[in-house]
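The sequence and the structure come first.

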Amino acid sequence: MNLRAYAKLLKNYLYDILLIKLNKQLKLKPLFFVYHLTSKCNFNCDFCYYKNKLNLHRELNLKEVDELLNVIQKESKFIYFNGGEPLVREDIIDIVKIPKKKGFITAVNTNMSQIHKKMEILDCTDYLVASLHRINNPEKYSKILGTNVSTINKIKDNIITCAKLQKDR
């Protein structure tokens with residue numbers, strides 16, 4: 001656990017609350033940054049707000065990600081990666097290692113379908129975030145996500161595996 005990063009998060013939060021309470025029109029400090037790591041996704045979700053932008057944007061390379069994080073860390077030490085689906089990137093492990101080395105708190109939003117191929121990410125991130133829509137009904141869930149039932153079953157297996165590994169840590 002990175003106490004300095006959590007302390008900075010708390011400091012920014014308290015600073016913002018103070019400004020709001022005082023009704024000051026000053027610049028609030030960011031609590032965390034959301035970084036759309038990729039516009040690629042392996043699903044076709046009905047509800048996706050990003051659906052019309054999938055596969056349209058250039059991805060930053062490792063050097064560019066490092067430079068971006070150097071700027072971000074001046075304001076916050078909490079980074080939230082999402083996309084598209086971050087785990088479709090071949091270099092996702094290398095990317096997530098960069099903020100960890102810099103002392104960031106890291107979170108990765110994932111649909112959990114690819115994590116079994118990249119379990120090392122559990123060592124590089126503080127939080128995994130996953131939206132689960134009707135996972136108890138694989139037929140409906142597969143239609144919502146635009147995938148097949150076997151993928152839904154793999155997602156369930158991946159969640160169970162990650163939970164067991166988390167419990168062991």
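## Terms and basis

Contact here means heavy atoms within 4.5 Å. The model is predicted, so local features need pLDDT of at least 70 and side-chain atom pairs count only at pLDDT 80 or more, while totals for chains, interfaces and linings use all residues. Residues are numbered from 1 along each chain as its sequence is written, and side-chain values use heavy atoms, with hydrogens and water left out.

## The β-α-β unit

Strands β1 (residues 33-36) and β2 (residues 78-82) run parallel and are joined by four bridges; two strands pair if DSSP finds at least two bridges between them. V34 is placed opposite Y80 of β2. Helices (H or I, at least four residues) and strands (E, at least two) are DSSP runs, numbered from the N terminus.

Together with helix α2 (residues 62-72), β1 and β2 make a right-handed β-α-β unit. Right-handed means that, with the strands pointing away from the viewer, the path from the first strand over the helix to the second runs clockwise.

## K77

K77 sits in the loop between α2 and β2. Leaving aside residues up to four places away in sequence, K77 touches A5, K8, K102, G103, F104 and I105. K77 is buried (under 20% relative accessible area; exposed is over 50% and partly exposed in between, with a 1.4 Å probe and protein chains only).

K77 has no salt bridge, and the nearest side chain of opposite charge, D66, is 10 Å away. Lys and Arg count as positive and Asp and Glu as negative; His and the chain ends are not counted. The side chain of K77 does make a polar contact with the side chain of Q73, at 3.3 Å (a pair of N or O atoms within 3.5 Å; within protein, one must be able to donate a hydrogen and the other to accept it, and residues adjacent in sequence count only if both atoms are side-chain atoms).

## Salt bridges

A salt bridge is a side-chain nitrogen of Lys or Arg within 4 Å of a carboxyl oxygen of Asp or Glu. The count by this rule is eight. D66 and K102 form one of them, at 2.9 Å from N to O. This pair links distant parts of the chain, 36 residues apart: D66 is in helix α2, and K102 is in the loop between α3 (92-101) and β3 (105-109). D66 is partly exposed at 27% relative accessibility, and K102 is partly exposed at 21%.

K40, E59, R89 and D91 are linked in a salt-bridge network. Within it, the closest N and O atoms of D91 and R89 are 2.9 Å apart, and R89 is buried at 5% relative accessibility.
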